[in-house]
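Biologist: Before I rely on any of the labels attached to this model, I would like to hear what stands behind each of them. Could we take them one at a time?

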Amino acid sequence: QVFLVESGGGSVQAGGSLRLSCARSGSDRSTTYWGWFRQAPGKEREGVASIDIASDGTASYADSVKGRFTIAQDNAKNTLSLRMDSLRPEDTATYYCAAGGGPVSPKSKRWLGRYFNYWGQGTQVTVSS
């Protein structure tokens, strides 16, 4: 079982920046990657960025955030961050930390060919114009 807790959401004006953090605890040897999803009201949950839990930290980004968001991890501290710059009103959503690599379950969400099985409670990001 893996537990994820997000922090760092808030409100900001367009063009501003925010940094989200996620703390991971528990143990599941099949968990080999983690990342961030977001869900705006009335919309599907979508992948934002993900990174391999490995020394090279290969990262992937949604086209909508490339060049503006940066995902990073501190494996010694089991923490994940998402630096969000040049924020836009359309970035407004609840952001979720997620982890995956193990068996698929009803809670799993697929993104870029990978299934994310563990979820945090979410943190709200609001960008005003």
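Modeller: Let us begin with accessibility, where buried means under 20% relative accessible area, exposed means over 50%, and partly exposed covers what lies in between. Please keep in mind throughout that this is a predicted model.

Biologist: Why is arginine 68 called buried?

Modeller: Arginine 68 has a relative accessible area of 7%, and because the class requires a value under 20%, arginine 68 counts as buried. Its place is the loop between β6 (59–61) and β7 (69–74), and its contacts, not counting residues up to four places away in sequence, are Arg83, Met84, Asp85, Ser86, Leu87, Arg88 and Asp91.

Biologist: How do you know that the side chain of arginine 68 makes a polar contact with the side chain of aspartate 91?

Modeller: The distance for arginine 68 and aspartate 91 is 2.8 Å, and the cut-off asks for a pair of N or O atoms within 3.5 Å, so the pair qualifies as a polar contact. The side chain of arginine 68 also reaches the backbone oxygen of serine 64, at 2.9 Å.

Biologist: What makes arginine 38 buried, and which side chains does it join through polar contacts?

Modeller: Arginine 38 has 6% relative accessibility and therefore counts as buried, the limit being under 20%. Arginine 38 sits in strand β4 (residues 33–39), where its side chain is joined to that of glutamate 46 by a polar contact of 2.7 Å and to that of tyrosine 95 by one of 3.0 Å.

Biologist: What makes β9 mostly covered?

Modeller: Of the 8 residues in β9, 8 are buried. Among the 34 residues of the largest nonpolar core, Trp36, Leu82, Met84 and Tyr95 touch the most other members, and the largest share of this core, 6 residues, comes from strand β9 (residues 93–100). Methionine 84, leaving aside neighbours within four places in sequence, is in contact with residues including Leu18, Leu20, Arg68, Phe69, Tyr95 and Val125.

Biologist: How do you know that cysteine 22 and cysteine 97 form a disulfide, and why is the disulfide called left-handed?

Modeller: The sulfur atoms of cysteine 22 and cysteine 97 are 2.1 Å apart, and the criterion is a separation within 2.5 Å, so the pair is assigned as a disulfide. The torsion about the S-S bond is about -80°, so the disulfide is left-handed. Cysteine 22 lies in strand β3 and cysteine 97 in strand β9, so the pair ties together parts that are 75 residues apart in sequence. Both cysteine 22 and cysteine 97 are buried, and a search of the whole structure finds 1 disulfide.

Biologist: Why do β1 and β7 stand at the edges of their sheet?

Modeller: The open sheet has 4 strands in the order β1-β3-β8-β7, with antiparallel pairing. β1 (2–7) and β7 each have a single partner strand, so one side of each is left without a neighbour in the sheet. The partner of β1 is strand β3 (residues 18–26), joined to it by 6 bridges, and phenylalanine 3 has serine 25 as its bridge partner in β3.

Technical notes: Residues are numbered from 1 along each chain as its sequence is written. This is a predicted model: local features need pLDDT of at least 70, side-chain atom pairs count only at pLDDT 80 or more; totals for chains, interfaces and linings use all residues. Side-chain values use heavy atoms; hydrogens and water are left out. Helices (H or I, at least four residues) and strands (E, at least two) are DSSP runs, numbered from the N terminus. Buried means under 20% relative accessible area, exposed over 50%, partly exposed in between (1.4 Å probe, protein chains only). Contact means heavy atoms within 4.5 Å. A polar contact is a pair of N or O atoms within 3.5 Å; within protein, one must be able to donate a hydrogen and the other to accept it, and residues adjacent in sequence count only if both atoms are side-chain atoms. A nonpolar core is a set of buried Ala, Val, Leu, Ile, Met, Phe, Trp, Tyr and Cys residues joined through side-chain atoms within 4.5 Å. Two strands pair if DSSP finds at least two bridges between them.
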